[in-house]
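I opened the model to look up sheets, core and chain contacts. My entries follow.

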Amino acid sequence: MIGTEENILSIRDLKVDFSTPDGTVNAVKGIGFDIKAGETLAVVGESGSGKSQTMMGIMGLLANNGSVRGSAKYRGKELVGLPKSELNKVRGAKITMIFQEPMTSLDPLYTIGRQIAEPILYHRGGSRKEARQRVLELLELVGIPDPARRIDSYPHELSGGQRQRVMIAMALANEPDVLIADEPTTALDVTIQAQILKLLRSLQERFGMAIVLITHDLGIVRHFAERVVVMRRGEVVEQGTTEQIFESPTSSYTRMLIDAEPHGRKMPPAKNAPIILEGRDVTVDFQIGKGLFSKGPKVFRAVDGVTIRLHEGQTIGVVGESGSGKSTLGRALLRLLPSDGAYRFGKQDISWHDRKQMRSLRKEMQLVFQDPYGSLSPRQTVGEVITEGLLVHEPGLNKADRDRRAIAALQEVGLDPKARNRYPHEFSGGQRQRIAIARAMILKPRVVILDEPTSALDRSVQGQVIDLLRKLQADHNLSYVFISHDLSVVKAISDYVIVMKNGEIVEQGETDAIFETPKADYTKALIGAAFSV
Amino acid sequence: MLAFVLRRLASAVPTLFIVVTISFFLMRFAPGGPFNLERPLPPATMENIMRTYQLDQPLWRQYVTYISNAVQGDFGPSYIYKDNTVAELIGKGLPYSMELGLYALLLALIGGVTLGTIAALRQNSVLDFSIMSLATVGTTIPNFVVGPVLTLIFAIVLSLLPAGGWGDGSFSYLLLPMIALALPQLAVFARLTRGSMIEALHADHIRTARAYGLPPRIVVITHAMRGALLPVVSYLAPCAAALMTGSAVVETIFTIPGIGRYFVLGALNRDYTLVMGTVVLIAIFVIVFNLVVDLIYGLLDPRVRHD
């Protein structure tokens, strides 16, 4: 639906500050824009741009050390500085929100029926019975199957996508004028993302509320929003219709964001490159629910008979949604968990290697994780983090040698060598991922398993990390297994793609073949969801 | 649910057995014995006594005898309180200790949770700081100091309350020992509640509740408090067991005829049977309260419901 010209929410000179031990941080620096009735407005920016804090400030949801100044008028009524009791009449009724984390945004201790009913009872009154009836209608509306049964479910009994649907039901309960969706699909699998966005759009057509979509994902913006506000470092860089922003952006930052989509392709490996790592019929079982008095262990098969052959200089992209077994496959290939199957590294059969025998090979086979925040010890300096592997694998080196290697490794990943005397928390997400890559590279490995190495990073940073990985690969003839749910990244780095679902290979082939002529329905759905939301 | 309770009670049997076995042998391997007095008894008398109490038998036979008697509810005679069996001693004292312990537990729980919640809601304020300082004082000052100080102030200087004894069991007799007993636990509950409440208030679903305009009462009590109580509830089991099986210090200071002193006196005098009886009692309390706590946990948190 195209918005009318009526401004339903007007933001003027809005500032959000946080007082921290290091002084005041200006998260939002006096911004202004309007939200028109019934329109879809995207607020776009990278992490730290202040896009979420703007909305949190208006809704009175800032952390304790945060404060908001300026003006935000809902239908002429000033929201900034409104007493909480007055603000409570607006939020949850006229302006509602859904959040990024569907797993934690609902109270785990109450049924979803009760949680959706709470704002109905509070804002509209009426009996519990009437509220329950309304909840059933809403669950039906947001596409929860079998609402009469599901209404008494607890959040942990629902999937991520279903929980986000429950949040949407809650948001719609009081027929709001504005629905603020803060990264509503970021934590969801791509096929689920598409479903949620479609649902939001159809509900908007039906009820005519304005939607404010806060996101870092320009792919979604292009297909979903009518107008776009681009934010950077607490300021509005540019605003306009979606067409204007994408076709003729005026600011260089916007242009950079649009171009940040990973692009380019990897050079193919040598024609008859030998196999460096092979796993045949890789099968991994996990035991669940085994207790002293319970009946027999249950087995969950995470990876089911997957065969993978990685050639020297090649990148195999392993694609799948959460629970597909792709990360487990990566760990099994490195022999980091008990698994069945036959494994070879180079010419060596490593199927029966024990931990001690594997240790000598670990130097050759490295692993980089998704979360650059959690995978670096906060109590070690960067230098200690990246040279730790040398202590084990090259014990002959002295301190000066190790330091030289650290300098070389940091330079190689594009960081200032001075970084080695600092601590991980002093670095941004992208820099930390470079540190994690340096930690792997310092050992001069031949195979690197990259487990979602770009998923926690902003788009513009993703592109840089992909470029870096491609350069390192070319320089050292490395072989990668690149595990990711993000198809555009996989496309930019892989020679060969394996699509996994429920522990099995659904489809595999050369990257071009997979992306241009996918055969399996599941692959088509994944590609469709990722590239044309 | 019933199956869960039965299963847990069944698994209590081996637990009790292990506790009894370990403490039986620990006691016996401790130097000295129940009848080694400062002035040694004549050998003939000693021999006589040893035979009477079957202490002249090989250790394994004593153990087998003890276990088979204990299974039938016979915990043997006490060696120092010569005219009483262990079961009689505990049966006489336990009601006093349990009543006092129950009141102390309620005071500690209600007081601690209330203070902890207030401190969490006013985090880093003067109020928070004062409550937490008091909590530190509560934990650090031992109750053999708190007890006499309370007596001095309320019984002797102000003459408001009796200084000790059980009297007619009225509340005025219970008040001071109850406070002395509850204070350290109250401090623990306050700390636990404050910590988990602060964490709970930062949860994403609390932000959701606020975003939907729910009044603070519902946000705090319905949504934050229920989750925040889980760690508090876990501490309830060991705390209840400790309070309700009596405290040697508090019961001695306030001359309460409970069972608190038996464990200490029994251990010091090598009164094997009395110590064993108390150990079994405490173990049963711990097992039962842990079971109760697990059931409460299931009520509070649907994710750990027992079926």
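In which sense do strand S19 and S20 of chain A pair, and over how many bridges? I found that S19(A), residues 496–501, and S20(A) pair in the antiparallel sense over six bridges. Strands pair here if DSSP finds at least two bridges between them. Strands (E, at least two residues) and helices (H or I, at least four) are DSSP runs, numbered from the N terminus.

Housekeeping next. This is a predicted model, where local features need pLDDT of at least 70 and side-chain atom pairs count only at pLDDT 80 or more, while totals for chains, interfaces and linings use all residues. Residues are numbered from 1 along each chain as its sequence is written, and chains are lettered from A and ligands numbered from 1 in the order in which they are written.

**Entry: the S19–S20 hairpin**
I checked who faces whom. Val499(A) stands opposite Glu507(A) of S20(A). Lys501(A) has Glu504(A) as its bridge partner. Two residues lie between the strands of this hairpin, and Asn502(A) takes a positive phi near 50 degrees.

**Entry: the six-stranded sheet**
I traced the strand order as S16-S17-S18-S13-S19-S20 in chain A. The sheet is open, and its pairing is mixed. Its edges are S16 (365–368) and S20 (504–510) of chain A, each pairing on one side only. Neighbouring strands are turned by 15 degrees against each other on average, direction ignored. Helix H11 (326–333) of chain A packs on this sheet. I see H11(A) touching S13 (315–319), S17 (447–451), S18 (479–484) and S19 of chain A. The direction of H11(A) makes about 155 degrees with that of S18(A). Axes are lines fitted to C-alpha atoms, for helices over the stretch in contact, and angles run from 0 to 180 degrees between N-to-C directions.

**Entry: the four-stranded sheet**
I read the order S2-S1-S4-S5 in chain A, an open sheet with antiparallel pairing. The edge strands are S2 (23–36) and S5 (77–78) of chain A. S4(A), residues 66–74, pairs with S5(A) over two bridges. Lys73(A) stands opposite Glu78(A) there.

**Entry: the core**
I looked up the largest nonpolar core, which has 216 residues. Such a core is a set of buried Ala, Val, Leu, Ile, Met, Phe, Trp, Tyr and Cys residues joined through C-beta atoms within 7 Å. Buried means that 20 or more other C-beta atoms, placed from the backbone, lie within 10 Å of the residue's own. Ala169(A), Val178(A), Val212(A) and Val481(A) touch the most other members. Helix H7 (171–201) of chain B gives the most to this core, with 17 residues.

I then followed Val212(A). Leaving aside neighbours within four places in sequence, its contacts (C-beta atoms within 7 Å) are Ile35(A), Leu41(A), Val43(A), Met55(A), Val178(A), Ile180(A) and Ala181(A).

**Entry: where the chains meet**
I found 19 residues of chain B in contact with 25 residues of chain A. On the chain B side, H8 (204–211) and H9 (216–244) are the elements that give two or more residues. The largest share, six residues, comes from H8(B).

**Entry: chain B annotation**
The unreviewed UniProt entry annotates residues 94–297 of chain B as "domain: ABC transmembrane type-1". Such annotations may be inferred rather than shown by experiment. I noted that this span is 82% helix and 0% strand, with its end C-alpha atoms 28 Å apart.

Methods:
A residue is buried if 20 or more other C-beta atoms lie within 10 Å of its own, exposed if 12 or fewer, and partly exposed in between; C-beta atoms are placed from the backbone. Two residues are in contact if their C-beta atoms, placed from the backbone, lie within 7 Å.
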